[in-house]
Amino acid sequence: EAIYQSGVPGVGWHISSRCWQVQLQVNAKRHYKVFKPKDQAPAEVERARLLSEAARRDLQHEVSKYKLEKQSTQYSECHKMCCLNHLKPGSAQAKRKPKAKAKARR
């Protein structure tokens, strides 16, 4: 039995199932996908490997995009709460007097 290898982290050959397995862990939860070649011909195994590597990159891209959106939403919510706290009646920000406008020079 040939042992195949992929250069992409999270992509490996599953010997007993004779297929490529994609694994990605997000928030302590593992996600798996399996890419089984139609037969054990080298060309089919290579085709399945390429598909599995592309799927792993797509999964990683989706996770990265989700994390960025989540961070952006968290920042937005935090910023909104911060602004609301500054504008509450009685807050230090609300008590400040507006700055006097500078006189225009002639």
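How many bridges join strand β1 to strand β2, and do they run parallel or antiparallel? The answer is in the first view. This is a predicted model, where local features need pLDDT of at least 70, side-chain atom pairs count only at pLDDT 80 or more, and totals for chains, interfaces and linings use all residues. Residues are numbered from 1 along each chain as its sequence is written, and side-chain values use heavy atoms, without hydrogens or water.

**View 1. The hairpin of β1 and β2.** Strands β1 (residues 11-14) and β2 (residues 19-26) run antiparallel, joined by 4 bridges. Strands are DSSP runs (E, at least two residues), as are helices (H or I, at least four), numbered from the N terminus. V11 has V22 of β2 as its bridge partner. Between the strands lie 4 residues. R18 takes a positive phi near 55° in this hairpin.

**View 2. An open sheet of 3 strands.** The order is β1-β2-β3, with antiparallel pairing. Edge strands β1 and β3 (29-35) each pair on one side only. From one strand to the next, the twist averages 30°. Two strands pair if DSSP finds at least two bridges between them. Axes are lines fitted to C-alpha atoms, and angles run from 0 to 180 degrees between N-to-C directions.

**View 3. The largest nonpolar core.** This core has 9 residues: V8, V11, W13, W20, V22, F35, V45, A48 and A55. The largest share, 3 residues, comes from α1. A nonpolar core joins buried Ala, Val, Leu, Ile, Met, Phe, Trp, Tyr and Cys residues through side-chain atoms within 4.5 Å. Buried means under 20% relative accessible area (1.4 Å probe, protein chains only).

**View 4. Contacts of V8.** V8 is in contact (heavy atoms within 4.5 Å) with E53, R56 and R57, leaving aside its neighbours within four places in sequence.

Notes: Buried means under 20% relative accessible area, exposed over 50%, partly exposed in between (1.4 Å probe, protein chains only).
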